[in-house]
Amino acid sequence: MNENRPSLRLVGLHYVRRASICTALLCAGAAWAQPAPDAAETQAATEHVEELIVTATKQTTYLQNTPLALSLFDAQRLEAGRIDQALELQQSVPNMLFSNEQFALSQLSIRGIGRNAVGVSADSGTAIHYDGAYLQYSTLLESEFYDLERIEVLRGPQGTLYGRNTTAGVINLLPARAQQALDAEIDIGLGTFDSRSLRGHLNVPVTETLAMRVAGMSLNQDGYTRNERTNNRIDDRDLWSARLSLAWRPGDRTEIHLSAQRYHEDSARMRTNKQACVRDERDFPFNQGCLPGQPVDAVGVPNSQGTLSGLLPSLVDLSGGAVPGGLHLLSPGVDAFEDSHVPRDLRRVYADYDPQFAVEEDLLVANLQHQQGTLTYEAVASWQRIDYRASTDFDWAVPTLRSTPDIPGLTDSTGRLSTPQDPTVSGFPFLRQTETSAYQGDTLSLETRLRSSYDGPLNFLAGLFLLDHETRDTHYDVHSNGLAFAAMTDFADDGAPIGFFRSDARSYELDTWALFGELYYDLRSDRRLTLGLRYSEERKRLEDRQTLLNTPGLPEVPGVSNRPFLTHTYETPFSAFGVTDPRFHGFGTTDAATGEVNNPVPSYNRRSGDWSAMTGRVGLEQDLDLAWTDQTLIYGLLSRSYKSGGLNPASETGAFSDTFEPEFINAVEFGSRNRLGADRDAGATELNLAWFFYDYEDLQVTRIIDRTSVNENVDARIQGLELELDMPLFAGLRLDLTGAWLDTRIRSGRSLDPANPTAGDPGWTLVKNTSGDAFVIPTPGSGQTFDDAQCGTTLSCATVFTVNPTSPSDPAAAGADTPTVQVPVGLNQSLSGNELPNAPRYSINLGLSWQLALPAGHRLLSRVDYYQQDAFYYRIYNSRQDRIDGWDRINLNVTLSDRDDQWSVQAFVKNLANKNHITGAFLADATVGNYTNLFLLDPRTMGLRLKYRL
């Protein structure tokens, strides 16, 4: 072994690189009564008191001795920087991006890799671990941090040490554990937006072998956004969380830690903050709702004539031709939102419906560590349950065009529409639309590990990972009285129809297991080789369906599309523009012989997929003796990592592939961790550098088309540089700096951009049918033609029926003999050279902290953080409307504390300039007008925090 390098030895139940490490850990020697360390160990502890401890490699090491790209936030750093949630954590981690997400809770990317696929079976590339347990889904990144020992953020593939899906990295959230000492703390906060927060913990030794810790937090805060119609503040927070932890040491060689946590939120949190759109002024059928290629921050609402819920009420003639010009619920050819009030301020909306947001999460985690000689056995078991439901206004506007009054059986004298098929949107004299996202999930996981501490050069770590996950009743609904009206009028004789859209996953099951491990070999006293290997198997099972204006009373015909077919025909609006081909008529195509309708509720589609892979890692680390550093570690890593494929969400036409492929990443990384000036009075400087290169095969991406998410695969390459610096300037003043540069490129792939199906080619014209679907047709006079041979190459196509595929009166006529035809839905574009989503080219965080000694031993700590990131794209098409501008943010805080840190008072300001920066976006389907949902950074908040420790 290297005499200059700290040796590995056992202290309590943890392997460490220095004898003094136990003085800094919540390990057996620190958490339980032990003999006092000898003088040499005490001296070592004093010399290295500033060094930070991590368990990122499933061993206990000092941060600067860990050969990984790793950022650490202990309790002191979290408090000093007022890092209360993941949105603030990202600003101190190189190449990390965090934002809200359209259908779930959050979007997290590290080094340009995140969760770019959409669907219940799509996985994140960043694994979230809580107290050592892998979490399939979690609210931990949306809630407030409390009573944490530390947070570790690992960047780069970590599959040979962690549960699953670590192509981007890992976030370890490590709560404070129960200890053998009486300890209590309370933290009270007051702030702007009438914010009131409470945090605290109580740690009690129950017996000589058992300790208990209770911790909790609550936050009540008025909303960041004003709804000018209801005059309510929305996007508020009303949440709490509580945790009970037990630590039991039945013997000198065994520790058991148990924790139970509950999270509850019932608020008006906004899943989406604003809607962007530049209104399309063209007439139907050429109206898209929103024009493509416009700036992402151009707030507005789609032209209702480009949306399904606006088209149907204006096309259905309730008089059956008996009234000249027809009798329509909404005026034909008129935009119901034409004069609607849409506030330009990103923090103001005008909506008839305030959002609702409710989450409950229960989490149980058990940790076991047992030492037997030179072997240590560890096990982590967890159970998690989440119940999530969020509802919001779908269009973030109130239409100015009212319903036609006095239509017998439908409206009253004020135009209020009665839609018993969907009572949630009944009783309004205008187009009313809401959306709901919900799921329930249970997860069981178990990870066991065996590691050695032999005196020789060879050691190992071996592990087994098991996970059983089930999600129930996952659905995304769009409720609209326009849809309910169409269903009610066209299916009046066929039972009670479903008057809304739903993407419904009744059940999703995930079963996975993996064997993993690493060998560690000391090539010589200052050089170490790591070899890692992993084998994974996954099985995913999904039962789902998509419904739109469907009729439960009608039979389903196997193999036949459940696309709605209305009784009314709409050939005339198309013929007026020269669009005579019936394939484009959408809902207008009915059974020519009988005129009957069949639009049954489909049965759940049962699908499954299996994936397996062997991956691994090779690492080499070297200690260097340099004249200008006190300690230098360089390392190189060569990794192959993997994320399983998945099952695409249901499509009413079934026109897209059931599955998408797994991801594989070949990664190269070189890094250096350095410590300088350890003997200086002001403290040591730490400088860490990393360079990485990724060759990505089948990176999962998505597009929203045909009222569903279609996940696809592209090849990409990624490279980047990262810097972390912590440096004393002079006594009391320190500078910390994180910087990142990222270069991402798609190497190959072609895809249709749903926002711009013609790709700017004048030879093609976009049209919409009465289903709200977007198609392209050859522009008259352009000489352009279409045939089936173009599908899959130049064009992306869908298969549609030319007549109603079945009718209740003659089901035998349905099925394979029903005429179908290929319809071009857009031009495929080359993606080669485009940047990946959520990958700013650079980001930087500069922090200055100054500690000033005051009389009577009091201390004043001041800190300022400045963060800036470059522009990035939120979609793979890299169009003008995909570009989100770069942004910056300044945070300030001042903390006054006494000599013994028994009490402290902190004043803070976050987002000093009060800038409403956009952190992410999502493009909606053509059916609803191709609008863009925006997600925003929190506005300026200020407050005071008072903390008292017993």
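How many salt bridges does the count come to in this structure? The count comes to 71 salt bridges, and several of them are described below, after an outline of the chain, which is a predicted model.

## Overall composition

The chain contains seven helices and 48 strands, and buried residues account for 61% of its 950 residues. Among contacts between residues at least 6 apart in sequence, 71% join residues at least 24 apart. The chain exposes about 34,800 Å², of which carbon and sulfur atoms supply 55%.

Strand β11 (residues 169–175) is mostly covered, with seven of its seven residues buried. Gly169, Ile171, Leu173 and Pro175 point one way from β11, while Val170, Asn172 and Leu174 point the other way, and both sets are buried.

Strand β8 (residues 126–130) pairs with β11 in the parallel sense over five bridges, and tyrosine 130 has leucine 173 of β11 as its bridge partner. Strand β10 (residues 148–155) runs antiparallel to β11 and is joined to it by seven bridges; here the bridge partner of isoleucine 151 is leucine 173 in β11.

## Nonpolar cores

The largest nonpolar core has 48 residues, and those with the most contacts inside it are Ile151, Val153 and Leu173. Strand β32 (residues 685–705) gives the most to this core, contributing five residues. When neighbours within four places in sequence are left aside, the residues in contact with valine 153 include Leu70, Phe73, Leu89, Val93, Met96, Ile110, Val170 and Ile171. Apart from this core lies another, of 41 residues, among them Ala127, Leu219, Tyr388 and Ala514.

A helix is also well covered: eight of the eight residues of α5 (residues 308–315) are buried, so this helix is largely enclosed by the rest of the structure. The buried residues of α5 include Leu308, Leu311, Leu312 and Leu315, and also Ser309 and Ser314.

Strand β21 (residues 356–372) and strand β22 (residues 375–393) pair in the antiparallel sense over 17 bridges, with serine 382 in β22 as the bridge partner of valine 365. The two strands, β21 and β22, form a hairpin with two residues between them, and glycine 373 in the turn has a positive phi of about 65 degrees. Strand β22 also pairs in the antiparallel sense with strand β23 (residues 433–452), over 19 bridges, and alanine 390 stands opposite serine 437 in β23.

## A three-stranded open sheet

Three strands form an open sheet in the order β16-β15-β20, with mixed pairing. β16 (232–234) and β20 (348–349) stand at the edges with a single partner strand each, so one side of each is left without a neighbour in the sheet. Strand β15 (residues 225–227) and β16 run antiparallel and are joined by three bridges; the bridge partner of arginine 226 is arginine 233 in β16.

## Salt bridges

The side chains of glutamate 88 and lysine 910 meet in a salt bridge, at 2.8 Å from N to O. This pair links distant parts of the chain, since glutamate 88 lies in helix α4 (residues 86–89) and lysine 910 in strand β45 (residues 903–910), 822 residues apart. Both glutamate 88 and lysine 910 are buried.

Arginine 213 and aspartate 147 meet through their side chains in a salt bridge of 2.9 Å, N to O. Arginine 213 lies in strand β14 (residues 210–221) and aspartate 147 in the loop between β9 (133–135) and β10, so the pair ties together parts that are 66 residues apart in sequence. Arginine 213 is buried, with a relative accessible area of 5%, and aspartate 147 is buried as well, with a value of 17%.

A further salt bridge joins aspartate 885 to arginine 883, their closest N and O atoms being 2.7 Å apart. Aspartate 885 is partly exposed, with a relative accessible area of 46%, and arginine 883 is partly exposed at 39%. Salt bridges that share partners join Arg82, Asp84, Glu88, Asp187, Arg889, Lys910 and Arg945 into one network.

## A nonpolar patch on the surface

A nonpolar patch on the surface is formed by Ile186, Ile188, Leu198, Leu896, Val905, Leu944, Leu946, Tyr948 and Leu950, which together have about 780 Å² of accessible area. β12 (183–191) and β48 (941–949) each supply at least two residues of the patch, and β48 gives the most, with three residues. Isoleucine 186 has its place in strand β12 and is partly exposed, with a relative accessible area of 40%.

Technical notes
Residues numbered from 1 in each chain as written. Predicted model: local features only at pLDDT ≥ 70, side-chain atom pairs only at ≥ 80, totals over all residues. Heavy atoms only, no water. Patch = residues over 30% accessible without salt bridge, like charges linked within 9 Å, V, L, I, M, F, W, Y side chains within 5 Å. Areas by Shrake-Rupley, 256 points an atom, 1.4 Å probe, with all protein chains shown as cover. Salt bridge = Lys/Arg side-chain N within 4 Å of Asp/Glu carboxyl O. Helix = DSSP H or I, 4+ residues; strand = E, 2+ residues; numbered from the N terminus. Buried < 20%, exposed > 50% of the residue type's maximum accessible area, 1.4 Å probe, protein only. Pairing = 2+ DSSP bridges. Core = buried A, V, L, I, M, F, W, Y, C linked by side-chain atoms within 4.5 Å. Contact = heavy atoms within 4.5 Å.
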